[in-house]
Amino acid sequence: MRYLLILMLSLLPVFAHAGEAKDMAEDPVLEQRMIGLAEKLRCLVCQNESLASSHAELAEDLRREVREQMQKGMTDQEIIDYLVSRYGDFVLYDPPVKTSTLVLWYGPFALLLIGAGVLVYQLRKRRSQIAEPQISAEDSRRAAELLDQTNSPEELNKKDRQA
Amino acid sequence: MMRFILPFVVFVVLAVFLFVGLNLNPREVPSPLVGKSAPAFTLPQLHEPAKQFSPADMKGQVWLLNVWASWCVSCKEEHPVLMELSRRNMVPIYGLDYKDKQADAELWLKKGGDPYVLSVADAEGRIGIDYGVYGVPETYVIDKQGVIQYKQIGPVTPQSLTEKILPLVAELQAK
């Protein structure tokens, strides 16, 4: 009895099969193309997920829509245009350059230029403000004397021994 | 003096931008369909599936297309507002029953009342995609020429009715 049970259980994997990815098996090439396109598109419901990775129902429907349009022979650009005409530029992860997105695209560079300009201006101003200090003859003589003392190795050794 | 004024001005500009940003709703994606013709469809009516409805039937009238579903939580909040609006008889409301089961939808309308002239069933959500629906409920104001003039994302509230939808409807009806 026990052996029969073991035999039955060992046969179980033969009948088991993966139930998911039903629509993927149909045409792997098309599915790959669909996923590639869906990765560039944003899911409207969970806004920081791509259409490819989202499990929202709407995302599933949109993937179906993309798949069907691909089967109809539409190009990627035509499908993107269709989705943009329905959901706006929001579906694109890569916003197009338009008058309304100029600030988005070029704003950072403008800020960088302004920053660099301010930096150069400030540095120039500072250079003119910090004048070379005037040293009296007495001070420079003392400075030279001190530098002389500390720089000669014998002097340093002598100091070390004293300490 | 200048060294205080400039940072202050920058601060104020930033603060204004951030404050406005705080009050924006990122869930509200402006519809590119506003100002465009309402996408055509022909769908079976919810109560009489043998009969069909198409937006083309509404030419010459200002009407509302309300996307709803029995599974939609915010629709519960919106429902009494639509009931009140339909009682006032100011503008016909048509329902697009989005990704719903017929039995559930009919039960919902029986329980809460039916504010719609009629509803059509979009069981697979295909028309929803055509209309750019991404969160139920949504409501479209469509003019006599069949052009979408406004899209309300989320539930219609008494405030949105008095401030936006009804004035717009009156203006469109007068045209």
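Mentor: A residue is buried if 20 or more other C-beta atoms lie within 10 Å of its own, exposed if 12 or fewer, and partly exposed in between, with C-beta atoms placed from the backbone. This is a predicted model: local features need pLDDT of at least 70, side-chain atom pairs count only at pLDDT 80 or more, and totals for chains, interfaces and linings use all residues. Residues are numbered from 1 along each chain as its sequence is written, while chains are lettered from A and ligands numbered from 1 in the order written.

Trainee: What percentage of the residues in chain A is buried?

Mentor: Chain A has 163 residues. Its elements are seven helices and zero strands (DSSP runs numbered from the N terminus: helices are H or I, at least four residues; strands are E, at least two). The buried share of chain A is 13%.

Trainee: How many residues of H5(A) are buried?

Mentor: Helix H5 of chain A spans residues 102-129. H5(A) is hardly covered. Among its 28 residues, the buried count is zero.

Trainee: On which residue is the kink in H5(A) centred?

Mentor: End to end, H5(A) reaches 39 Å from first C-alpha to last, close to the 40 Å expected (1.5 Å times one less than the number of residues). The bend at a residue is the angle between axes fitted to the seven residues ending there and the seven starting there. The kink in H5(A) is about 30°, centred on A:Pro108.

Trainee: Which helix gives the most to the side of chain A that touches chain B?

Mentor: Twelve residues of chain A are in contact with twelve of chain B (C-beta atoms, placed from the backbone, within 7 Å). Helix H3 (57-71) and helix H4 (76-87) of chain A each supply at least two residues of that side. With four residues, the top contributor is H3(A).

Trainee: B:Asn89 has a positive phi. Is B:Asn89 buried or exposed?

Mentor: Phi of B:Asn89 is about 60°, although the residue is not a glycine. B:Asn89 lies in the loop between helix H2 (73-88) and strand E4 (93-98) of chain B. B:Asn89 has 7 C-beta neighbours inside 10 Å, so it counts as exposed.

Trainee: Which residue does a cis peptide bond join to B:Val136?

Mentor: Omega of that bond is about 0°. The partner is B:Pro137.

Notes: Contact = placed C-beta atoms within 7 Å.
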